[in-house]
Amino acid sequence: MSGILDLLNSDLGKTIISGVSGSTGTDQNKTSSVLTMALPVLMKAMERNASTPQGAEGLMGALSSKHDGSILDNLGGLFGGGVDEEVKQDGSKILGHVLGSKQQGVEKILGEKSGLDAGSVGNILKVAAPILMGVLGKQARQNNVSSSNDLGGLLGGLLGGSEAKQEQSFLEKILDADGDGSVIDDVAGMVLGNANKKGGLGGLLGGLFGGK
């Protein structure tokens, strides 16, 4: 299984980046930087949440109903007339649930590294969160993930599995950071530097979607 960053290098990823960029009025390169850093962080946060039976059950329920991957079938429609407020509200709820009290700190750090204010980062994440959930839902379907026990394996696989221990610890640090920005220097270099390699965090989404 390849990972989440491969997605951003695939045709689907380019559609997502340009769509999110257009719908939030944010520079495309900066949007790409935010998503490259943010998606692994969100995945790691979901993996943490899914480590409790209650958290796993909640995520499994969401992936088997509302977030079953169907959002990916009509991205043109999603971005075509501007992203629906309902999608953004849904994204806001997902972020609140996944990041909790860490949300502001994470947005601040991502903003400092990408040259955007935290509000713009928040807008990008609100649009990206439902799409990420759709990606997970699609993966869950393709891999016949039907129980919360299988969920950890799915999330771990998309994050690069056990080979990416070093990156994993950096992701943990971002989630525990107080927003001072120093941690993300290491993370950004590591995540962005590995984006061209296969495996690990850099190997994240394309094989699933026919990316290169």
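This is a predicted model: local features need pLDDT of at least 70, side-chain atom pairs count only at pLDDT 80 or more; totals for chains, interfaces and linings use all residues.
I started with Lys-66, which is exposed at a relative accessible area of 55% (exposed is over 50%, buried under 20%, partly exposed in between, with a 1.4 Å probe and protein chains only). Residues are numbered from 1 along each chain as its sequence is written, and side-chain values use heavy atoms, leaving out hydrogens and water.

Next I looked up the partner: Lys-66 makes a salt bridge with Asp-90, closest N and O atoms 3.4 Å apart (a side-chain nitrogen of Lys or Arg within 4 Å of a carboxyl oxygen of Asp or Glu). Lys-66 sits in the loop between H4 and helix H5 (75-80) and Asp-90 in helix H6 (residues 85-99), so the pair ties together parts 24 residues apart in sequence (helices are DSSP runs of H or I, at least four residues, numbered from the N terminus). Asp-90 counts as buried, at 12% relative accessibility.

How many salt bridges did I get by this rule? The count is four. Another one joins Lys-44 and Glu-47, with 2.7 Å between the closest N and O atoms. They are three residues apart in helix H3, about one helical turn. Lys-44 is buried at 7%, and Glu-47 is buried at 19%.

Then I checked H4. Its buried residues are Gly-55, Ala-56, Leu-59, Met-60 and Leu-63.

Terms used:
Helices (H or I, at least four residues) and strands (E, at least two) are DSSP runs, numbered from the N terminus.
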